[in-house]
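Subject: Structure handover

Hello,

Here is the structure, followed by notes on what turned up in it. Please open it alongside the text.

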Amino acid sequence: MLTFTLRRLLLAIPTLLVISLVIFLLVDLAPGSPMSEIPLTVPPEVRKKMIEALGADQPVMVRYVLWLRQFFWVEPATLIDGWFGTNWAGGEQRILSWQSRAPVFTVIGQRIPQTLTVIGTAYLVGILIALPIGIYSAYRQYSLFDQLGTLFAMIGFSVPTFFSGTLIIIIFAVTLGWFPTKYDTNLSVTDWPSFVKQLQQMAMPVMTLGLANAAVISRYMRSSMLDNMGMDYVRTARAKGLTERVVVLKHVLRNSMIPVVTVIALGIPSIFGGAIITENLFGVNGIGAALIGAIHASDLPMVQTLAFIFAVLIVTFNLIADVLYGLLDPRIRYD
């Protein structure tokens with residue numbers, strides 16, 4: 001297992017380098033520039049100095065190497081300096097947002113708590129809903145519960161979040177008045193009333209994303225359970241006199257979780273990446289909203305950094321899923 005993990009980590013290095021180059025070039029060569037917002041009345045020499053201040057006058061490969069060094073060395077060193085009072089970064093220039101002129105990772109650090117609170121809770125709720133539905137739907141195949149679960153999944157698959165989110169706002173916020181229509185990002189939880197208010201404003205975005213995630217995961221769970229319930233080892237376990245609860249929850253469920261783990265693990269990066277549509281719909285000031293704002297403002301460093309962070313998370317959690325396979329199924333060996 002250790003050899004496999006180290007081998008995959010070494011393989012991830014060139015993979016991430018290629019991904020970083022593709023992301024940087026795609027974003028850099030896309031139309032749009034922060035200079036396009038400058039009035040034409042600005043003198044050419046002032047415009048030139050502004051471009052030089054942003055570092056946009058250098059060749060693309062020079063900017064790519066500089067950005068890569070800032071991402072993997074300057075930013076981690078700055079973080080360590082902040083924690084332990086060291087001076088590893090040496091005051092070197094960080095990745096700066098063209099829109100706010102602030103370090104990109106500082107902006108991300110300010111936005112990510114909102115994203116993790118709302119999107120992370122929605123993903124956890126989706127998993128907690130999906131697994132029991134998928135397990136029981138497979139155990140009671142073609143029952144009324146299974147048919148209702150299938151209907152729920154089809155609705156979750158088919159209805160986009162911008163439509164379901166708008167519908168939830170109309171029903172629960174406008175018509176019933178149970179929840180606020182917009183998320184208050186300035187709310188600080190200090191006592192019980194503020195905690196209740198936080199739960200109220202989280203309810204609709206969590207409901208929107210949680211149901212969408214539950215629809216996907218429940219279908220994978222059901223299909224995987226059905227594939228394993230017809231296996232010989234299940235019939236053998238039943239022939240030994242084991243109770244149905246032990247057969248389903250101990251033998252079938254463990255093997256059925258292998259493909260589901262992949263779906264869940266590869267969905268975790270979306271928590272950090274934010275739900276762009278849902279965050280903008282409910283006014284959550286998270287990573288998704290930051291990405292949309294950066295795209296509108298042609299803030300290339302912000303877009304490049306966020307896209308690459310998302311790619312790093314996908315590669316990382318893909319590796320974690322592979323390692324979990326060996327823990328769930330003893331038959332899988334990597335050595």
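Start with Glu-75. Glu-75 is buried, with a relative accessible area of 5%. Buried here means under 20% relative accessible area, exposed means over 50%, and partly exposed lies in between (1.4 Å probe, protein chains only).

Before going on, the ground rules. This is a predicted model, in which local features need pLDDT of at least 70 and side-chain atom pairs count only at pLDDT 80 or more, while totals for chains, interfaces and linings use all residues. Residues are numbered from 1 along each chain as its sequence is written, and side-chain values use heavy atoms, with hydrogens and water left out.

Glu-75 sits in helix H3 (residues 60-84). Helices (H or I, at least four residues) and strands (E, at least two) are DSSP runs, numbered from the N terminus. Setting aside neighbours within four places in sequence, Glu-75 is in contact with Gln-70, Arg-94, Ile-95 and Phe-105. Contact means heavy atoms within 4.5 Å.

With Arg-94, Glu-75 also forms a salt bridge, at 3.0 Å from N to O. Arg-94 is in the loop between H3 and H4, and Glu-75 is in helix H3, 19 residues apart. A salt bridge is a side-chain nitrogen of Lys or Arg within 4 Å of a carboxyl oxygen of Asp or Glu. By this rule there are 4 salt bridges.

Another one pairs Arg-69 with Glu-92, whose closest N and O atoms are 2.4 Å apart. Arg-69 is in helix H3 and Glu-92 in the loop between H3 and H4, so the pair ties together parts that are 23 residues apart in sequence. Arg-69 is partly exposed at 39% relative accessible area. Glu-92 is partly exposed too, at 33%.

Next, Asp-146 and Arg-222. Their side chains meet in a salt bridge at 2.8 Å, N to O. Asp-146 belongs to helix H5 (residues 144-158) and Arg-222 to helix H7, 76 residues apart. Both Asp-146 and Arg-222 are buried.

**Nonpolar cores**

A nonpolar core is a set of buried Ala, Val, Leu, Ile, Met, Phe, Trp, Tyr and Cys residues joined through side-chain atoms within 4.5 Å. The largest has 41 residues. Among those with the most contacts inside it are Leu-131, Met-221, Met-257 and Val-260. Helices H4 (104-139), H6 (161-175), H7 (192-229), H8 (232-239) and H9 (244-267) each supply at least two of its residues.

Met-221 touches Leu-131, Gly-134, Ile-135, Leu-253, Ser-256, Met-257 and Val-260, leaving aside neighbours within four places in sequence. A second, separate core has 24 residues, including Phe-24, Val-104, Ile-108 and Leu-306.

**Ala-311**

Which residues does Ala-311 touch, not counting residues up to four places away in sequence? They are Leu-16, Ile-19 and Ile-23. Ala-311 lies in helix H13 (residues 300-328). Ala-311 is buried, at 12% relative accessible area. Ala-311 and Leu-16 are 295 residues apart along the chain, yet their C-alpha atoms are separated by 7.6 Å.

**UniProt record**

An unreviewed UniProt entry lists "transmembrane region" for residues 116-139, 151-179, 199-221, 257-277 and 306-328. UniProt positions are given in the numbering used here, feature names are shortened, and annotations may be inferred rather than shown by experiment. In the model, residues 116-139 are 100% helix and 0% strand, with end C-alpha atoms 34 Å apart. Residues 199-221 are 100% helix and 0% strand, with end C-alpha atoms 29 Å apart.

Best regards
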